[in-house]
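Try each task before reading its solution.

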Amino acid sequence: MSPLRLSARRSALPVLLPALVVVAALTAGACRRSTPPASAPTPVTPPPAVASAAPTTVLLISIDGLLPEYYLEATTRFRAPNLARLLAAGSHAAACESIFPSVTYPAHASIVTGVRSALHGIVANSVFAGAGATRRTYRPGDWYWYADELRVPALWNAVRARGLTSGAVSWPGTVGASIDYLIPEVWPARRTLTHESLLEMAATPEVLAAVRREGPLPVAALGEPDRDDWIARTAAGILQRHRPSLLLVHLISVDHATHVHGPGAPEVAAALTRVDAALGVLLDAVAASGGFARTTVLVTGDHGGVAVHSAVAPNTLFRAAGLIETSDVWKVWAHSSGSQAGIYLRDPADRETAAAALRLLEENAVAGGTRRYTVLSRAELDGLGSHPGALCAVDGAPGYTISSGLRGELVRATPLRGNHGSRPHLDGLATGLVLAGRGIKPGVLLPSARLIDIAPTVAHLLDLAMPGVEGRVLAEVLAE
Ligand SMILES: [Zn+2]
(Lines give C-alpha, C1' and ligand atoms only; values in the text may rest on other atoms or scores of the structure.)
Protein backbone atom coordinates (compact mmCIF):
# COMPACT_ATOMS: atom_id res chain seq x y z
CA MET A 1 0.00 0.00 0.00
CA SER A 2 1.05 3.55 -0.38
CA PRO A 3 2.78 5.05 2.59
CA LEU A 4 1.22 8.33 1.49
CA ARG A 5 -2.16 7.09 2.61
CA LEU A 6 -1.10 5.91 6.02
CA SER A 7 -3.19 7.22 8.83
CA ALA A 8 -1.74 8.31 12.11
CA ARG A 9 -4.76 7.03 14.00
CA ARG A 10 -4.09 3.85 15.92
CA SER A 11 -6.90 1.64 17.05
CA ALA A 12 -6.99 -0.54 20.12
CA LEU A 13 -5.95 -4.14 19.62
CA PRO A 14 -8.94 -6.28 18.83
CA VAL A 15 -9.41 -9.39 20.89
CA LEU A 16 -7.76 -12.40 19.28
CA LEU A 17 -10.53 -14.53 17.92
CA PRO A 18 -10.66 -18.13 19.12
CA ALA A 19 -9.79 -20.45 16.28
CA LEU A 20 -9.19 -23.82 17.89
CA VAL A 21 -12.68 -25.03 17.05
CA VAL A 22 -12.35 -23.79 13.50
CA VAL A 23 -9.13 -25.57 12.76
CA ALA A 24 -10.25 -28.71 14.53
CA ALA A 25 -13.29 -28.78 12.25
CA LEU A 26 -11.16 -28.12 9.17
CA THR A 27 -8.68 -30.83 10.06
CA ALA A 28 -11.48 -33.27 10.85
CA GLY A 29 -12.94 -32.59 7.41
CA ALA A 30 -9.61 -33.31 5.79
CA CYS A 31 -9.19 -36.52 7.78
CA ARG A 32 -12.65 -37.75 6.87
CA ARG A 33 -11.81 -37.24 3.26
CA SER A 34 -8.47 -39.00 3.22
CA THR A 35 -8.68 -41.70 5.91
CA PRO A 36 -11.49 -44.25 5.70
CA PRO A 37 -12.22 -46.08 8.95
CA ALA A 38 -10.25 -49.34 9.28
CA SER A 39 -13.39 -51.36 10.04
CA ALA A 40 -15.37 -50.20 7.02
CA PRO A 41 -16.63 -53.07 4.87
CA THR A 42 -15.68 -53.18 1.23
CA PRO A 43 -18.50 -51.35 -0.55
CA VAL A 44 -20.40 -53.27 -3.21
CA THR A 45 -20.82 -50.11 -5.22
CA PRO A 46 -18.59 -47.07 -5.10
CA PRO A 47 -19.76 -44.43 -2.62
CA PRO A 48 -21.24 -41.29 -4.10
CA ALA A 49 -18.56 -38.76 -4.97
CA VAL A 50 -19.88 -36.17 -2.57
CA ALA A 51 -16.74 -34.07 -2.43
CA SER A 52 -16.31 -33.79 -6.17
CA ALA A 53 -20.00 -33.24 -6.94
CA ALA A 54 -20.55 -30.56 -4.30
CA PRO A 55 -19.68 -26.96 -5.09
CA THR A 56 -16.04 -26.30 -4.35
CA THR A 57 -14.22 -23.07 -3.64
CA VAL A 58 -10.68 -21.80 -3.83
CA LEU A 59 -10.22 -19.14 -1.16
CA LEU A 60 -7.16 -17.10 -2.12
CA ILE A 61 -6.02 -14.77 0.64
CA SER A 62 -3.27 -12.18 0.22
CA ILE A 63 -1.68 -10.89 3.40
CA ASP A 64 -0.01 -7.73 2.11
CA GLY A 65 3.69 -7.79 3.04
CA LEU A 66 3.63 -11.42 4.22
CA LEU A 67 7.09 -12.79 5.02
CA PRO A 68 7.70 -16.57 5.15
CA GLU A 69 8.87 -16.24 8.77
CA TYR A 70 5.37 -15.15 9.78
CA TYR A 71 4.15 -18.72 9.24
CA LEU A 72 7.44 -20.58 9.72
CA GLU A 73 7.76 -18.99 13.18
CA ALA A 74 4.03 -18.52 13.77
CA THR A 75 4.06 -19.86 17.32
CA THR A 76 7.65 -19.24 18.40
CA ARG A 77 8.48 -15.68 17.41
CA PHE A 78 4.95 -14.54 16.50
CA ARG A 79 1.40 -15.11 17.71
CA ALA A 80 -0.34 -16.33 14.55
CA PRO A 81 -2.21 -19.50 15.58
CA ASN A 82 -4.39 -19.66 12.47
CA LEU A 83 -1.39 -19.46 10.14
CA ALA A 84 0.27 -22.17 12.24
CA ARG A 85 -2.66 -24.53 11.97
CA LEU A 86 -3.09 -23.91 8.26
CA LEU A 87 0.60 -24.74 7.89
CA ALA A 88 0.13 -27.95 9.91
CA ALA A 89 -2.87 -29.01 7.82
CA GLY A 90 -1.33 -28.30 4.41
CA SER A 91 1.83 -27.62 2.44
CA HIS A 92 3.93 -24.51 2.14
CA ALA A 93 6.79 -22.84 0.33
CA ALA A 94 10.05 -21.90 2.04
CA ALA A 95 9.65 -18.63 0.14
CA CYS A 96 7.57 -17.27 -2.73
CA GLU A 97 9.19 -14.96 -5.26
CA SER A 98 7.42 -11.70 -6.04
CA ILE A 99 7.89 -9.84 -9.32
CA PHE A 100 9.67 -6.63 -10.31
CA PRO A 101 8.60 -4.12 -9.21
CA SER A 102 7.77 -5.89 -5.94
CA VAL A 103 4.89 -3.55 -5.11
CA THR A 104 1.25 -4.18 -4.35
CA TYR A 105 -0.73 -3.57 -7.54
CA PRO A 106 1.68 -5.15 -10.04
CA ALA A 107 2.19 -8.13 -7.71
CA HIS A 108 -1.52 -8.73 -7.15
CA ALA A 109 -2.03 -8.56 -10.91
CA SER A 110 0.62 -11.27 -11.29
CA ILE A 111 -1.10 -13.46 -8.68
CA VAL A 112 -4.35 -13.49 -10.67
CA THR A 113 -2.87 -13.61 -14.19
CA GLY A 114 0.21 -15.84 -13.85
CA VAL A 115 2.39 -13.38 -15.78
CA ARG A 116 4.87 -10.64 -14.88
CA SER A 117 4.22 -6.93 -15.18
CA ALA A 118 5.50 -6.50 -18.74
CA LEU A 119 2.69 -8.76 -19.93
CA HIS A 120 -0.17 -7.78 -17.62
CA GLY A 121 0.57 -4.05 -17.94
CA ILE A 122 0.25 -2.96 -14.30
CA VAL A 123 3.70 -1.42 -14.04
CA ALA A 124 3.39 0.53 -10.78
CA ASN A 125 0.91 1.25 -8.00
CA SER A 126 -0.02 4.70 -9.27
CA VAL A 127 -0.90 5.19 -12.91
CA PHE A 128 1.76 6.59 -15.18
CA ALA A 129 0.32 7.29 -18.61
CA GLY A 130 3.82 7.50 -20.05
CA ALA A 131 4.20 3.78 -19.42
CA GLY A 132 1.82 3.03 -22.27
CA ALA A 133 -1.77 3.38 -23.37
CA THR A 134 -4.35 3.50 -20.58
CA ARG A 135 -8.08 3.01 -20.87
CA ARG A 136 -9.05 6.35 -19.41
CA THR A 137 -7.63 9.71 -18.40
CA TYR A 138 -6.19 9.62 -14.92
CA ARG A 139 -5.31 12.33 -12.49
CA PRO A 140 -2.21 12.43 -10.31
CA GLY A 141 -2.74 10.16 -7.34
CA ASP A 142 -4.95 7.65 -9.12
CA TRP A 143 -3.87 4.05 -8.78
CA TYR A 144 -4.40 1.08 -11.11
CA TRP A 145 -7.85 0.40 -9.65
CA TYR A 146 -9.56 -0.70 -12.88
CA ALA A 147 -9.59 -4.29 -14.03
CA ASP A 148 -9.72 -3.30 -17.69
CA GLU A 149 -6.13 -2.04 -17.47
CA LEU A 150 -5.06 -5.70 -17.39
CA ARG A 151 -3.79 -6.76 -20.81
CA VAL A 152 -4.28 -10.49 -20.22
CA PRO A 153 -7.15 -12.51 -18.72
CA ALA A 154 -7.36 -12.87 -14.94
CA LEU A 155 -8.61 -15.83 -12.94
CA TRP A 156 -12.06 -14.25 -12.68
CA ASN A 157 -12.33 -14.20 -16.48
CA ALA A 158 -11.47 -17.90 -16.60
CA VAL A 159 -14.01 -18.60 -13.83
CA ARG A 160 -16.77 -16.86 -15.74
CA ALA A 161 -15.79 -18.56 -19.00
CA ARG A 162 -16.24 -21.89 -17.20
CA GLY A 163 -19.74 -20.89 -16.09
CA LEU A 164 -18.71 -20.52 -12.44
CA THR A 165 -18.90 -17.56 -10.07
CA SER A 166 -16.28 -15.52 -8.23
CA GLY A 167 -16.05 -13.04 -5.39
CA ALA A 168 -13.45 -10.54 -4.19
CA VAL A 169 -13.08 -8.25 -1.20
CA SER A 170 -10.51 -5.46 -1.31
CA TRP A 171 -8.46 -7.19 -4.02
CA PRO A 172 -6.36 -4.59 -5.88
CA GLY A 173 -7.28 -3.75 -9.45
CA THR A 174 -10.81 -5.17 -9.45
CA VAL A 175 -13.02 -2.13 -10.11
CA GLY A 176 -15.23 -3.12 -13.04
CA ALA A 177 -14.00 -6.73 -13.05
CA SER A 178 -16.32 -9.52 -14.16
CA ILE A 179 -16.60 -10.70 -10.55
CA ASP A 180 -20.04 -11.72 -9.31
CA TYR A 181 -19.69 -10.67 -5.66
CA LEU A 182 -17.35 -7.70 -5.50
CA ILE A 183 -16.20 -5.13 -2.96
CA PRO A 184 -13.13 -3.69 -4.74
CA GLU A 185 -10.23 -1.84 -3.22
CA VAL A 186 -10.58 1.82 -4.13
CA TRP A 187 -10.29 5.02 -2.18
CA PRO A 188 -10.91 8.72 -2.80
CA ALA A 189 -7.90 10.42 -4.33
CA ARG A 190 -9.88 13.67 -4.44
CA ARG A 191 -11.92 15.43 -1.81
CA THR A 192 -14.99 15.52 -4.05
CA LEU A 193 -15.52 11.79 -3.55
CA THR A 194 -16.04 9.70 -0.44
CA HIS A 195 -15.11 6.09 0.12
CA GLU A 196 -18.78 5.23 0.50
CA SER A 197 -19.76 6.91 -2.77
CA LEU A 198 -16.97 5.01 -4.55
CA LEU A 199 -18.18 1.70 -3.17
CA GLU A 200 -21.72 2.53 -4.25
CA MET A 201 -20.39 2.92 -7.80
CA ALA A 202 -17.98 0.00 -7.81
CA ALA A 203 -19.33 -2.76 -5.54
CA THR A 204 -21.95 -5.37 -6.37
CA PRO A 205 -25.22 -3.82 -5.05
CA GLU A 206 -26.42 -7.11 -3.56
CA VAL A 207 -23.16 -7.57 -1.64
CA LEU A 208 -23.08 -3.96 -0.50
CA ALA A 209 -26.67 -4.20 0.76
CA ALA A 210 -25.76 -7.29 2.79
CA VAL A 211 -22.72 -5.50 4.20
CA ARG A 212 -24.86 -2.52 5.21
CA ARG A 213 -27.28 -4.74 7.06
CA GLU A 214 -24.34 -5.81 9.24
CA GLY A 215 -23.22 -2.28 10.09
CA PRO A 216 -21.71 0.92 8.70
CA LEU A 217 -19.26 0.86 5.84
CA PRO A 218 -15.63 1.29 6.81
CA VAL A 219 -14.77 4.90 6.14
CA ALA A 220 -11.49 4.71 8.03
CA ALA A 221 -8.26 4.89 6.08
CA LEU A 222 -6.95 1.74 4.50
CA GLY A 223 -4.41 -0.01 6.65
CA GLU A 224 -6.14 0.46 9.95
CA PRO A 225 -6.49 -2.80 11.82
CA ASP A 226 -10.28 -2.73 12.10
CA ARG A 227 -10.51 -2.70 8.34
CA ASP A 228 -8.99 -6.16 7.98
CA ASP A 229 -11.58 -7.52 10.39
CA TRP A 230 -14.28 -5.91 8.26
CA ILE A 231 -12.77 -7.33 5.06
CA ALA A 232 -12.68 -10.82 6.57
CA ARG A 233 -16.25 -10.65 7.84
CA THR A 234 -17.46 -9.36 4.48
CA ALA A 235 -15.67 -12.16 2.61
CA ALA A 236 -16.95 -14.75 5.09
CA GLY A 237 -20.49 -13.54 4.37
CA ILE A 238 -19.94 -13.93 0.61
CA LEU A 239 -18.53 -17.43 1.11
CA GLN A 240 -21.46 -18.58 3.20
CA ARG A 241 -24.24 -16.86 1.26
CA HIS A 242 -23.04 -17.35 -2.32
CA ARG A 243 -20.39 -20.09 -2.28
CA PRO A 244 -18.41 -18.72 -5.26
CA SER A 245 -15.87 -21.03 -6.91
CA LEU A 246 -13.15 -18.42 -6.40
CA LEU A 247 -12.97 -15.92 -3.55
CA LEU A 248 -10.12 -13.36 -3.40
CA VAL A 249 -9.36 -11.53 -0.15
CA HIS A 250 -6.69 -8.88 0.51
CA LEU A 251 -5.66 -8.09 4.11
CA ILE A 252 -3.52 -5.01 4.47
CA SER A 253 -2.40 -3.95 7.93
CA VAL A 254 0.85 -5.95 8.20
CA ASP A 255 2.32 -3.99 5.29
CA HIS A 256 1.02 -0.74 6.79
CA ALA A 257 2.85 -1.46 10.05
CA THR A 258 6.01 -2.43 8.15
CA HIS A 259 6.07 0.93 6.34
CA VAL A 260 5.52 2.94 9.51
CA HIS A 261 7.65 1.00 12.01
CA GLY A 262 10.07 -1.02 9.89
CA PRO A 263 10.40 -4.78 9.45
CA GLY A 264 10.94 -6.62 12.71
CA ALA A 265 9.23 -3.95 14.83
CA PRO A 266 6.90 -5.10 17.64
CA GLU A 267 4.08 -3.19 15.94
CA VAL A 268 4.45 -5.44 12.88
CA ALA A 269 4.15 -8.54 15.05
CA ALA A 270 1.03 -7.04 16.65
CA ALA A 271 -0.44 -6.34 13.21
CA LEU A 272 0.30 -9.92 12.20
CA THR A 273 -1.65 -11.18 15.22
CA ARG A 274 -4.62 -9.03 14.22
CA VAL A 275 -4.44 -10.20 10.59
CA ASP A 276 -4.22 -13.76 11.87
CA ALA A 277 -7.47 -13.16 13.74
CA ALA A 278 -9.03 -12.00 10.45
CA LEU A 279 -7.74 -15.21 8.88
CA GLY A 280 -9.52 -17.02 11.72
CA VAL A 281 -12.81 -15.39 10.69
CA LEU A 282 -12.31 -16.74 7.16
CA LEU A 283 -11.35 -20.23 8.34
CA ASP A 284 -14.42 -20.21 10.56
CA ALA A 285 -16.55 -19.57 7.49
CA VAL A 286 -14.77 -22.37 5.64
CA ALA A 287 -15.49 -24.76 8.51
CA ALA A 288 -19.14 -23.71 8.55
CA SER A 289 -19.54 -24.47 4.86
CA GLY A 290 -18.08 -27.94 4.43
CA GLY A 291 -14.53 -27.48 5.71
CA PHE A 292 -11.46 -28.54 3.79
CA ALA A 293 -13.42 -31.26 1.99
CA ARG A 294 -15.00 -28.53 -0.12
CA THR A 295 -12.54 -25.65 0.06
CA THR A 296 -8.91 -25.07 -0.86
CA VAL A 297 -7.26 -22.25 1.07
CA LEU A 298 -4.20 -20.46 -0.30
CA VAL A 299 -2.51 -17.81 1.82
CA THR A 300 0.12 -15.76 0.05
CA GLY A 301 1.45 -12.21 0.03
CA ASP A 302 2.60 -9.78 -2.62
CA HIS A 303 6.15 -8.81 -1.52
CA GLY A 304 8.35 -8.63 1.56
CA GLY A 305 9.69 -5.52 3.25
CA VAL A 306 13.11 -4.09 4.08
CA ALA A 307 14.36 -1.29 6.31
CA VAL A 308 14.92 2.12 4.74
CA HIS A 309 16.47 5.33 6.05
CA SER A 310 16.70 7.65 3.02
CA ALA A 311 14.98 8.42 -0.26
CA VAL A 312 16.65 9.15 -3.60
CA ALA A 313 14.85 11.45 -6.04
CA PRO A 314 16.29 11.00 -9.57
CA ASN A 315 14.01 13.70 -11.00
CA THR A 316 16.06 16.32 -9.12
CA LEU A 317 19.05 15.36 -11.29
CA PHE A 318 17.01 15.65 -14.47
CA ARG A 319 15.55 18.99 -13.40
CA ALA A 320 18.98 20.44 -12.58
CA ALA A 321 20.18 19.37 -16.05
CA GLY A 322 17.24 21.07 -17.77
CA LEU A 323 15.57 17.80 -18.79
CA ILE A 324 12.50 18.52 -16.61
CA GLU A 325 10.74 21.87 -16.29
CA THR A 326 7.64 20.80 -14.39
CA SER A 327 5.78 17.56 -13.70
CA ASP A 328 3.92 18.21 -16.97
CA VAL A 329 6.82 19.45 -19.09
CA TRP A 330 9.66 16.96 -19.21
CA LYS A 331 11.90 15.01 -21.53
CA VAL A 332 12.64 12.24 -19.05
CA TRP A 333 10.78 11.24 -15.88
CA ALA A 334 11.37 8.85 -12.98
CA HIS A 335 8.05 7.27 -11.95
CA SER A 336 8.65 5.67 -8.58
CA SER A 337 6.71 2.89 -6.95
CA GLY A 338 8.22 1.80 -3.65
CA SER A 339 11.99 1.51 -3.65
CA GLN A 340 12.44 1.59 -7.41
CA ALA A 341 11.46 3.76 -10.37
CA GLY A 342 11.02 3.30 -14.09
CA ILE A 343 12.82 5.98 -16.13
CA TYR A 344 10.72 7.07 -19.11
CA LEU A 345 11.48 9.29 -22.09
CA ARG A 346 8.76 11.61 -23.41
CA ASP A 347 10.05 10.77 -26.89
CA PRO A 348 11.48 7.23 -26.98
CA ALA A 349 13.56 8.24 -30.03
CA ASP A 350 15.27 11.10 -28.13
CA ARG A 351 18.75 9.55 -27.91
CA GLU A 352 20.38 12.74 -26.68
CA THR A 353 18.16 12.88 -23.59
CA ALA A 354 18.56 9.13 -23.10
CA ALA A 355 22.34 9.41 -23.05
CA ALA A 356 22.27 12.40 -20.69
CA ALA A 357 19.84 10.69 -18.29
CA LEU A 358 21.84 7.46 -18.19
CA ARG A 359 25.06 9.39 -17.56
CA LEU A 360 23.49 11.40 -14.71
CA LEU A 361 22.09 8.27 -13.10
CA GLU A 362 25.36 6.35 -13.31
CA GLU A 363 27.41 9.30 -12.00
CA ASN A 364 25.26 9.58 -8.88
CA ALA A 365 24.63 5.91 -8.09
CA VAL A 366 27.57 5.79 -5.66
CA ALA A 367 28.73 8.63 -3.41
CA GLY A 368 31.45 8.51 -0.76
CA GLY A 369 31.85 4.80 -1.35
CA THR A 370 28.16 4.13 -0.63
CA ARG A 371 25.87 2.74 -3.31
CA ARG A 372 22.49 4.42 -3.26
CA TYR A 373 20.84 2.62 -6.18
CA THR A 374 21.56 0.39 -9.13
CA VAL A 375 20.71 1.36 -12.71
CA LEU A 376 18.97 -1.54 -14.46
CA SER A 377 19.41 -1.56 -18.24
CA ARG A 378 16.67 -2.16 -20.76
CA ALA A 379 18.07 -5.65 -21.32
CA GLU A 380 17.97 -6.37 -17.57
CA LEU A 381 14.37 -5.17 -17.41
CA ASP A 382 13.46 -7.48 -20.28
CA GLY A 383 14.96 -10.35 -18.28
CA LEU A 384 12.89 -9.30 -15.25
CA GLY A 385 9.72 -9.02 -17.35
CA SER A 386 9.14 -5.45 -16.24
CA HIS A 387 8.84 -1.79 -17.21
CA PRO A 388 7.81 -2.09 -20.85
CA GLY A 389 8.73 1.07 -22.71
CA ALA A 390 11.10 2.40 -20.05
CA LEU A 391 14.61 3.59 -20.87
CA CYS A 392 15.91 1.91 -17.71
CA ALA A 393 15.03 1.66 -14.02
CA VAL A 394 16.72 2.59 -10.78
CA ASP A 395 16.54 0.09 -7.93
CA GLY A 396 17.26 1.38 -4.44
CA ALA A 397 20.27 -0.10 -2.62
CA PRO A 398 19.65 -1.49 0.88
CA GLY A 399 18.35 1.36 3.07
CA TYR A 400 17.26 3.56 0.15
CA THR A 401 13.82 4.06 -1.30
CA ILE A 402 13.12 5.97 -4.51
CA SER A 403 10.98 9.11 -4.79
CA SER A 404 9.36 10.83 -7.78
CA GLY A 405 10.09 14.16 -6.06
CA LEU A 406 11.22 16.98 -8.29
CA ARG A 407 12.64 19.53 -5.87
CA GLY A 408 15.14 19.47 -3.03
CA GLU A 409 18.21 17.30 -2.58
CA LEU A 410 18.88 14.12 -4.51
CA VAL A 411 19.06 12.17 -1.25
CA ARG A 412 16.69 13.13 1.53
CA ALA A 413 15.16 11.79 4.71
CA THR A 414 12.08 9.62 4.45
CA PRO A 415 9.29 9.26 7.02
CA LEU A 416 9.18 5.54 6.20
CA ARG A 417 10.98 2.88 8.20
CA GLY A 418 10.23 0.08 5.76
CA ASN A 419 9.52 -0.29 2.05
CA HIS A 420 9.66 -2.72 -0.87
CA GLY A 421 9.75 -2.60 -4.66
CA SER A 422 13.24 -3.83 -5.46
CA ARG A 423 14.15 -6.92 -7.46
CA PRO A 424 12.31 -9.86 -5.94
CA HIS A 425 15.31 -12.12 -5.35
CA LEU A 426 17.01 -9.60 -3.04
CA ASP A 427 17.10 -10.16 0.73
CA GLY A 428 13.83 -9.50 2.54
CA LEU A 429 11.66 -9.13 -0.56
CA ALA A 430 10.30 -12.66 -0.90
CA THR A 431 6.79 -13.35 0.28
CA GLY A 432 5.23 -16.69 1.23
CA LEU A 433 2.69 -19.31 0.22
CA VAL A 434 0.68 -21.81 2.30
CA LEU A 435 -1.84 -24.18 0.71
CA ALA A 436 -4.31 -26.47 2.48
CA GLY A 437 -7.58 -28.25 1.97
CA ARG A 438 -9.30 -29.81 -0.98
CA GLY A 439 -6.88 -31.09 -3.63
CA ILE A 440 -3.74 -30.26 -1.61
CA LYS A 441 -1.33 -32.85 -0.21
CA PRO A 442 -0.37 -32.22 3.41
CA GLY A 443 3.22 -31.96 4.52
CA VAL A 444 4.96 -30.91 1.31
CA LEU A 445 7.70 -28.29 1.59
CA LEU A 446 8.23 -26.43 -1.67
CA PRO A 447 11.81 -25.10 -1.72
CA SER A 448 10.51 -22.18 -3.73
CA ALA A 449 7.45 -20.90 -5.55
CA ARG A 450 6.59 -17.75 -7.46
CA LEU A 451 3.56 -15.49 -7.48
CA ILE A 452 3.13 -16.32 -11.16
CA ASP A 453 2.67 -20.00 -10.22
CA ILE A 454 -0.50 -19.28 -8.23
CA ALA A 455 -2.91 -18.59 -11.11
CA PRO A 456 -2.03 -21.78 -13.02
CA THR A 457 -2.28 -23.81 -9.80
CA VAL A 458 -5.69 -22.33 -8.96
CA ALA A 459 -6.77 -22.88 -12.56
CA HIS A 460 -5.80 -26.54 -12.24
CA LEU A 461 -7.77 -26.91 -8.99
CA LEU A 462 -10.90 -25.40 -10.58
CA ASP A 463 -10.40 -26.95 -14.03
CA LEU A 464 -10.10 -23.54 -15.68
CA ALA A 465 -8.34 -22.61 -18.89
CA MET A 466 -5.48 -20.13 -18.32
CA PRO A 467 -3.41 -20.18 -21.52
CA GLY A 468 -0.28 -18.09 -21.88
CA VAL A 469 0.81 -17.98 -18.24
CA GLU A 470 4.50 -17.62 -17.37
CA GLY A 471 4.15 -19.61 -14.15
CA ARG A 472 3.65 -23.34 -13.65
CA VAL A 473 1.20 -25.59 -11.84
CA LEU A 474 2.71 -26.45 -8.44
CA ALA A 475 2.11 -30.15 -9.07
CA GLU A 476 4.19 -31.23 -6.06
CA VAL A 477 1.47 -30.11 -3.66
CA LEU A 478 -1.53 -31.45 -5.59
CA ALA A 479 -3.30 -34.52 -4.22
CA GLU A 480 -4.37 -35.80 -7.61
ZN1 LIG B 1 1.62 -4.79 -0.89
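**Exercise 1.** Work out how many of the six residues of strand β10 (residues 340-345) are buried.

*Solution.* Start with the ground rules: this is a predicted model, where local features need pLDDT of at least 70, side-chain atom pairs count only at pLDDT 80 or more, and totals for chains, interfaces and linings use all residues. Residues are numbered from 1 along each chain as its sequence is written.

Step 1: apply the burial test (buried means 20 or more other C-beta atoms within 10 Å of the residue's own, exposed means 12 or fewer, partly exposed is in between, with C-beta atoms placed from the backbone). Six of the six residues in β10 pass as buried, so the strand is largely enclosed by the rest of the structure.

Step 2: Across the protein chain, 54% of the 480 residues are buried.

**Exercise 2.** Find which strands pair with β10, and in which sense.

*Solution.* Strands (E, at least two residues) and helices (H or I, at least four) are DSSP runs numbered from the N terminus, and two strands pair if DSSP finds at least two bridges between them.

Step 1: take β9 (residues 332-336), which pairs with β10 in the antiparallel sense over five bridges. Trp333 has Tyr344 as its bridge partner in β10. The two strands form a hairpin with three residues between them, and Gly338 in the turn has a positive phi of about 65°.

Step 2: go to β14 (residues 392-396), joined to β10 by four bridges and running antiparallel to it. Here Ile343 stands opposite Cys392.

**Exercise 3.** Describe how helix α12 (residues 266-288) is placed against helix α11 (residues 253-261) and against helix α4 (residues 81-89).

*Solution.* Step 1: axes are lines fitted to C-alpha atoms, for helices over the stretch in contact, and angles run from 0 to 180 degrees between N-to-C directions.

Step 1: the α11 and α12 axes come within 8 Å and cross at roughly 175°. That makes the two roughly antiparallel (over 145 degrees; under 35 is roughly parallel, 65 to 115 roughly perpendicular, the rest oblique).

Step 2: the α4 and α12 axes come within 7 Å and cross at roughly 55°, and these helices are therefore oblique to each other. In contact terms (C-beta atoms, placed from the backbone, within 7 Å), Pro81, Asn82 and Leu83 in α4 meet Asp276, Leu279, Gly280 and Leu283 in α12.

**Exercise 4.** Decide where pLDDT stays under 50.

*Solution.* Step 1: pLDDT is the predictor's confidence in each residue, from 0 to 100. The protein chain averages 88, and 87% of the residues score at least 70.

Step 1: the stretch under 50 is residues 1-52.

Note on methods:
Two residues are in contact if their C-beta atoms, placed from the backbone, lie within 7 Å.
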